[in-house]
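Trainee: I would like to learn how to read a structure like this one, going feature by feature.
Mentor: Then let us look at it together, and please ask as we go.

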Amino acid sequence: MATNPEHHVVWDWTVRLVHWLMVILVLLLWWTAEEGMMDWHKRCGLTMLGLVIFRIIWGFSGSWTARFVPMFRRLGSLGGYVRDLKNGSHKPVFGHGPLGILSVFALLGALSVQVGTGLFSVDVDGLESGPLAIWVSFSTGRDIADIHELNFDILSTLISLHVVAILVYQFILKDNLIPPMVTGKRPRSDFAASSLPSIKAGFWAFVLSAGIAAGCVYSVLNAV
């Protein structure tokens, strides 16, 4: 089958799906906590746990732009990338740019802390607790709950910075990052390279990654 020479796939469908599900779940987690809907808060938290685990595994088994190793390598060009931004000579990058990579690692790290502390958190009266709170003392569970709340403030700040960065790229740098995260594609003319990596989500890699993530969530639910 002939491919469209005018566009190239940048993000595989799993990266896009996980990204938008995380966006929805962060909003739901905030809302259910504010409204005291703790049963739904736990369900959303466990779903987020599965997504975080999947995304970490996918960072090693997924398509090129989803993998962490190429991201780490690209961080070496951070200085030059920032200079180009200051000089107004910014050009689109295939996948995440160095600043976007830092954002990915920061957000994924904050989400990992958030779901991890949520598993062991204990509320003030001990009635609403995480699924693994039975394995820690009440005082430890309360300390973890404090970290859980503090980390959400950090996560909220990182998300706000991420949104601001997207707006800056959109309106100042004229680099629209949202459509590619919806369709997965960018115009080939955005990139100077004549040969670009093929982006495709491997079926068995997806099945294995999803299976491990689901197994981890199942283990948490049946750990007591």
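Trainee: Is valine 26 buried or exposed?
Mentor: Before I answer, keep in mind that this is a predicted model. Residues under 20% relative accessible area count as buried, and valine 26, with a relative accessible area of 14%, is therefore buried. Valine 26 has its place in helix 1, and, when residues up to four places away in sequence are not counted, valine 26 touches Met48, Leu111 and Ile159.

Trainee: How far is valine 26 from cysteine 44, in sequence and in space?
Mentor: The two ideas should be kept apart, and here valine 26 and cysteine 44 are 18 residues apart in sequence, while their C-alpha atoms are 8.6 Å apart in space.

Trainee: What does methionine 22 touch, leaving aside its neighbours within four places in sequence?
Mentor: Methionine 22 also belongs to a helix, namely helix 1, and with 12% relative accessibility methionine 22 counts as buried. Its contacts, with those sequence neighbours left aside, are Met48, Leu51, Val52, Arg55, Leu108 and Leu111.

Trainee: At what angle do helix 1 and helix 2 pack?
Mentor: An angle between two helices is read from the directions of their axes, and helix 1 (residues 13-34) and helix 2 (residues 38-61) pack at an angle of about 155°, with their axes 9 Å apart. Angles over 145 degrees count as roughly antiparallel, so helix 1 and helix 2 are roughly antiparallel to each other. Helix 1 passes helix 2 in a left-handed crossing. The residues that meet include Val18, Met22, Leu25 and Val26 in helix 1, and Cys44, Met48, Leu51 and Val52 in helix 2. By class, this contact of helix 1 with helix 2 has 16 nonpolar, 5 polar and 1 charged residues.

Trainee: How do helix 2 and helix 5 cross?
Mentor: The axes of helix 2 and helix 5 come within 10 Å and cross at roughly 140°, and helix 2 and helix 5 are therefore oblique to each other. Their crossing is left-handed. Gly45, Leu46, Met48, Leu49, Val52, Arg55 and Ile56 in helix 2 meet Leu108, Leu111, Ser112, Val115 and Leu119 in helix 5. The residues of this contact divide into 9 nonpolar, 2 polar and 1 charged.

Trainee: How many disulfides does a search of the whole structure find?
Mentor: To be a disulfide, a pair of cysteine sulfur atoms must be within 2.5 Å, and a search of the whole structure finds 0 disulfides.

Trainee: Why is cysteine 44 too far for a bond?
Mentor: Its sulfur is 19 Å from the closest cysteine sulfur, which is in cysteine 216. Cysteine 216 is likewise in no disulfide. As for accessibility, cysteine 44 is buried, with a relative accessible area of 9%, whereas cysteine 216 counts as partly exposed, at 29% relative accessibility.

Trainee: Where does lysine 174 lie?
Mentor: Lysine 174 lies in the loop between helix 6 (138-171) and helix 7 (178-183), and at 66% relative accessibility lysine 174 counts as exposed. When you read its backbone, notice that phi of lysine 174 is near 55°, a positive value in a residue other than glycine.

Technical notes: Residues are numbered from 1 along each chain as its sequence is written. This is a predicted model: local features need pLDDT of at least 70, side-chain atom pairs count only at pLDDT 80 or more; totals for chains, interfaces and linings use all residues. Side-chain values use heavy atoms; hydrogens and water are left out. Buried means under 20% relative accessible area, exposed over 50%, partly exposed in between (1.4 Å probe, protein chains only). Axes are lines fitted to C-alpha atoms, for helices over the stretch in contact, and angles run from 0 to 180 degrees between N-to-C directions. Helices (H or I, at least four residues) and strands (E, at least two) are DSSP runs, numbered from the N terminus. Angles under 35 degrees count as roughly parallel, over 145 as roughly antiparallel, 65 to 115 as roughly perpendicular and the rest as oblique. A crossing is left-handed if the near helix is turned anticlockwise from the far one by less than a right angle, and right-handed if clockwise. Contact means heavy atoms within 4.5 Å. Ala, Val, Leu, Ile, Met, Phe, Trp, Tyr, Cys and Pro count as nonpolar, Asp, Glu, Lys and Arg as charged, and the others, Gly among them, as polar.
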